[in-house]
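Work through the following exercises with the sequence and the model side by side. Each task is followed by a solution that goes step by step.

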Amino acid sequence: MVGPWTYEDTGKYYREAVKRRPSFSGRRDMLQFTDRLPSTDDWTLPVLLQLNRTLRVLYNGPFNWDAFKKIVMQHILTDDVLDALKALPEDEQIPHLVQLVLDWACWDAPKEGAWPRDLSMRRYFVKWRRCEPFYFEADTHTDEDMERAADLFLDIWMANDRLHAATPVQFGEEKDFPGFTVYRVRDEAVTDAERLAAAQSKELYLNLQARGWAPERMDEPLQVGASVARPAKLPPPAGDIVICGPGMCAQCIKKRYLECRVPQDGGKPRCVACRVHKLGCEHKGKTMDALKKQSLEDDSDSREATPDPSQRSQRSGSESVVSESNKSAALTNASADSVPGPSGGRKRKSQGSRDKQKKAKRARK
């Protein structure tokens with residue numbers, strides 16, 4: 001890559017190429033894998049390097065960016081592979097291309113602190129992270145050159161093995177060895193507002209996840225819910241007991257608020273949002289003293305907590321191909337209590353609705 005083949009071109013070529021290999025008798029759908037992968041605890045560096053080589057076959061093939069993205073997200077980075085990768089310790093040595101694919105599949109902020117809306121996969125991989133593919137040029141490479149490169153992934157698919165040991169060494173893979181490639185973190189490419197929004201989105205996701213309500217996939221990071229107008233009859237907000245994190249009431253978590261404010265008005269504890277929306281509040285059965293203690297504990301936890309690598313938010317990208325110019329399309333905030341999410345791990349990005357935003361705004365080039 002980068003080459004001229006679309007996903008449709010690729011499928012057409014592979015269907016014809018398989019017919020020329022009479023030894024193949026598989027019944028799998030084109031590009032589908034049913035291989036048994038190592039257990040989560042067995043994803044050692046040699047296994048990760050073999051996965052990196054498979055990704056390099058695609059990265060160095062004649063496929064365009066959309067085709068590369070769809071093949072990787074639909075057929076290589078399936079849920080079992082992603083679960084294994086997200087379970088790796090944060091200090092695990094991960095080959096460079098594997099890391100970039102994982103980055104792109106998830107909503108975890110990169111080292112810059114957030115995903116700028118105009119950042120394309122091409123720019124992130126090549127410009128930001130210095131991961132060079134092999135380029136096919138129309139005036140220097142023949143159709144036969146591109147077919148030979150494409151056949152390497154056909155071999156992997158026919159073997160039904162994403163960790164196919166017979167795959168030859170690939171162009172550029174030596175630079176993918178952990179720690180080899182050095183790049184500059186582009187802090188100036190992300191605004192403080194974008195970093196704040198990314199941090200808030202992660203907090204919202206973790207709050208939902210703690211209750212088992214995190215959406216399984218997200219088209220964009222979660223956004224803070226619209227605030228409510230405080231009723232005039234309530235005492236000043238300075239006297240409120242403020243609860244943050246998973247200890248907020250269920251309604252505030254579902255509505256994606258960052259805090260749950262309980263006025264001290266002499267009545268039974270009930271947060272402002274639940275009063276405004278006329279909903280039952282989980283705090284109603286607690287005492288004010290208990291809520292004050294919880295508020296202090298929450299404040300202490302927020303100062304002392306360190307990030308848990310198993311609780312990262314992730315994008316989902318296995319359902320459909322996305323235009324390379326449209327990675328972070330419009331956010332579809334699925335109902336927080338409608339799709340139970342996994343108990344841990346990065347939150348996968350959803351790619352299905354990103355083309356919708358392309359029609360409204362060319363966000364990624």
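**Exercise 1.** Are α1 and α7 roughly parallel or roughly perpendicular to each other?

*Solution.* The structure is a predicted model, in which local features need pLDDT of at least 70 and side-chain atom pairs count only at pLDDT 80 or more, while totals for chains, interfaces and linings use all residues. Residues are numbered from 1 along each chain as its sequence is written, and side-chain values use heavy atoms, with hydrogens and water left out.

Begin with the elements themselves: helices (H or I, at least four residues) and strands (E, at least two) are DSSP runs, numbered from the N terminus. Next take the axes, which are lines fitted to C-alpha atoms, for helices over the stretch in contact, with angles running from 0 to 180 degrees between N-to-C directions. The axes of α1 and α7 come within 11 Å and cross at roughly 70 degrees. Angles under 35 degrees count as roughly parallel, over 145 as roughly antiparallel, 65 to 115 as roughly perpendicular and the rest as oblique. The two helices α1 and α7 are therefore roughly perpendicular to each other.

Finally, list the contact (heavy atoms within 4.5 Å): Tyr 13, Tyr 14, Ala 17 and Val 18 of α1 meet Glu 147, Ala 150, Asp 151, Phe 153, Leu 154 and Trp 157 of α7. The residues of this contact between α1 and α7 divide into eight nonpolar, no polar and two charged; here Ala, Val, Leu, Ile, Met, Phe, Trp, Tyr, Cys and Pro count as nonpolar, Asp, Glu, Lys and Arg as charged, and the others, Gly among them, as polar.

**Exercise 2.** Which residues touch the most other members of the largest nonpolar core?

*Solution.* A nonpolar core is a set of buried Ala, Val, Leu, Ile, Met, Phe, Trp, Tyr and Cys residues joined through side-chain atoms within 4.5 Å. The largest such core has 85 residues, of which Trp 43, Leu 51, Leu 77, Leu 85, Phe 125, Phe 153 and Cys 271 touch the most other members. It is α7 that gives the most to this core, with eight residues.

Now follow Phe 125: not counting residues up to four places away in sequence, Phe 125 touches Tyr 59, Trp 65, Phe 68, Leu 97, Leu 100, Val 101, Trp 104, Arg 130 and Cys 131. Leu 97, Leu 100, Val 101 and Trp 104 are among the buried residues of α5, a helix (residues 96-105) that is mostly covered, with nine of its 10 residues buried.

**Exercise 3.** Where is Lys 69 found, and is Lys 69 buried or exposed?

*Solution.* Lys 69 is found in helix α3 and, at 1% relative accessibility, counts as buried. The axes of α3 and α6 (residues 121-128) come within 10 Å and cross at roughly 95 degrees, which makes α3 roughly perpendicular to α6. Trp 65, Phe 68, Lys 69 and Met 73 of α3 make this contact with Met 121, Arg 122, Phe 125 and Val 126 of α6.

For comparison, take Lys 284, placed in the loop between α10 (272-277) and α11 (288-304). Lys 284 is partly exposed, with a relative accessible area of 46%, and, leaving aside neighbours within four places in sequence, is in contact with Lys 268 and Pro 269.

Technical notes
Buried < 20%, exposed > 50% of the residue type's maximum accessible area, 1.4 Å probe, protein only.
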